[in-house]
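Please examine the following protein model with attention to its fold and its charged side chains.

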Amino acid sequence: FEKKLNLTPQEFNVIKNKSIDDILLKKAKEIMENKCSEQGFVLPGSITLHSRSMGYFEAARFTGDAIYYVKLEGKVVYPVDGIRVTGDVIRKNKMGVYVNYRDAIRVIVPRDLNIGDEEFESVSVGEMIKVEIKKSRFQVNDEYILSVGLFKGSVKREAPRPSAKVAA
């Protein structure tokens, strides 16, 4: 990512304890992580700062903000047509099933495409299912990517393994 960040005079007060790079990285994480950017959904905890410009003050604006151009790197989720994901069913109604994938993508699976499918009808809230994503849309700063998909089957969760007790 290439981003223009401004630091206010209040944010500069922390400079005695932190470097400018740390302050810029923290601000970039607050602005970009856990929401959609132009490239897709930015996963939390994935942004790193690669480089920054020298800070400058805009002559025509009397805000006191220092402007920096930064280069960042982060992990992004961007669903393409035909990709298969496994997610949790968070809602089910007459329209179909609503599936959550990693809190980044919400997939609507229409019931009309699965009429008569016993496996689809037996799906309940909290189960995991496989979905093939067909169409997606999002805007910058959205909380998640909204997609439409096709039901590809239920996923059986593994039973938790019994923990071995250590004798003392």
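Predicted model: local features only at pLDDT ≥ 70, side-chain atom pairs only at ≥ 80, totals over all residues.

Residues are numbered from 1 along each chain as its sequence is written, and side-chain values use heavy atoms, with hydrogens and water left out.

Q: In what order do the elements of the protein run from the N terminus on?
A: Helices (H or I, at least four residues) and strands (E, at least two) are DSSP runs, numbered from the N terminus. The protein holds three helices and 11 strands. Their order is β-α-α-β-β-β-β-β-β-β-β-α-β-β.

Q: Is the protein more spread out or less spread out than a compact globule?
A: The C-alpha trace spans about 65 × 55 × 25 Å along its principal axes. The globule rule is 2.2 Å times the number of residues to the power 0.38, and the radius of gyration is taken over C-alpha atoms. For the 168 residues of the protein that rule gives 15 Å, and the radius of gyration of 22 Å is well over this value, so the protein is more spread out than a compact globule.

Q: What percentage of the 168 residues in the protein is buried?
A: Relative accessible area (1.4 Å probe, protein chains only) sets the class: buried is under 20%, exposed is over 50%, and partly exposed lies in between. By this criterion, the buried share of the 168 residues is 31%.

Q: What share of the contacts with a separation of 6 or more joins residues 24 or more positions apart?
A: A contact requires heavy atoms within 4.5 Å. Among contacts in the protein with a separation of 6 or more, those between residues 24 or more positions apart account for 60%.

Q: Which residues are linked with E132 in a network of salt bridges?
A: E132 is buried at 11% relative accessibility, whereas R84 is exposed at 53%; their closest N and O atoms are 3.4 Å apart. This pair ties together parts 48 residues apart in sequence, because E132 lies in strand β10 (residues 128-137) and R84 in strand β7 (residues 84-92). E132 also forms a salt bridge with K152, at 3.6 Å between the closest N and O atoms. The residues linked with E132 in the network are D81, R84, K134 and K152.

Q: Which residues does E73 touch, not counting those up to four places away in sequence?
A: E73 is found in strand β5 (residues 66-73) and is partly exposed, with a relative accessible area of 44%. Its C-alpha atom is separated by 9.9 Å from that of V42, which is 31 residues apart along the chain. With residues up to four places away in sequence not counted, E73 touches F1, S46, I47, T48 and H50.

Conventions: Salt bridge = Lys/Arg side-chain N within 4 Å of Asp/Glu carboxyl O.
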